[in-house]
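Open the model in your viewer and keep the selection tool ready. The tour goes stop by stop.

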Amino acid sequence: MARGYRLLTDEQHAYFIKIQRGKIAREVARLMNEKFRMNLTGDQIKNYRTRHGVSSGNDGRFKKGLIPHNKGKKYPNMKPNSGQFKKGNRPPNHLPVGTVKKDAYGYWKIKVADPNCWEFVHRREWEKHNGPIPSDSYIAFLDKNKDNCTIDNLALVKKSEMPQMIKNKYFTESPELTKAGIGVVRLRRKLKELQDNNDRK
């Protein structure tokens, strides 16, 4: 890969942030390709999410209203969709509540309830100290280290601030520099708002 190569422009990244939540990588790639006449693949979207610390929000839980893939199918010695385990039995790969593991993007998750309810450790830590996370914001790692989920290493960053943070490379391995970068982005936005208000007078 050539030095300085960027997969997405600022405009494309902003659109990506807007539409990617809750979608699998292949679907995001399709939407990006349709809008910008690109030729992205699902793997490229997965890698892009990982590099930029963007979560799809998919937790693997079954969504209400969807039809199970095995509904109505017949298996030897089984009633249709009856399940392989009797009530009260646990599958061999069952993980107890409190289990912590990494997902495919390098984020730590903790199991909070059976049968398969997981939460991101860094988001859980933030909410423990600050309350619910607004839907227009992400929780960023100030030192870019996803293994460091302590509250001192976490910051609330609005989705609208992400393009400037990435464009100006304000995410660094130094928490203080990253916090300064967030401050610069917010100061510039505030100055622009004041300027726009003055222009309207």
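Select Lys-169, in the loop between helix 5 (162–167) and helix 6 (175–200). Helices (H or I, at least four residues) and strands (E, at least two) are DSSP runs, numbered from the N terminus. Phi of Lys-169 is near 55 degrees, a positive value in a residue other than glycine. Lys-169 counts as exposed because its relative accessibility is 69%; exposed means over 50% relative accessible area, with a 1.4 Å probe and protein chains only.

A note on the model: it is predicted, local features need pLDDT of at least 70, side-chain atom pairs count only at pLDDT 80 or more, and totals for chains, interfaces and linings use all residues. Residues are numbered from 1 along each chain as its sequence is written, and side-chain values use heavy atoms, leaving out hydrogens and water.

Next, select Arg-37, in the loop between helix 2 and helix 3. Its phi is also positive, near 55 degrees. Arg-37 counts as exposed, at 81% relative accessibility.

Stay in that loop and pick Met-38, between helix 2 (25–36) and helix 3 (42–52). What does Met-38 touch, not counting residues up to four places away in sequence? Show Leu-7, Leu-8, Gln-12, Met-32 and Asn-33. Contact here means heavy atoms within 4.5 Å. Now draw a distance from Met-38 to Leu-8: their C-alpha atoms are separated by 10.0 Å, and the two are 30 residues apart along the chain.

Last stop: Pro-115, in the loop between strand 2 (108–113) and strand 3 (117–120). Look at its bond to Asp-114. That peptide bond is cis, with omega about 5 degrees.

How values were computed. Buried < 20%, exposed > 50% of the residue type's maximum accessible area, 1.4 Å probe, protein only.
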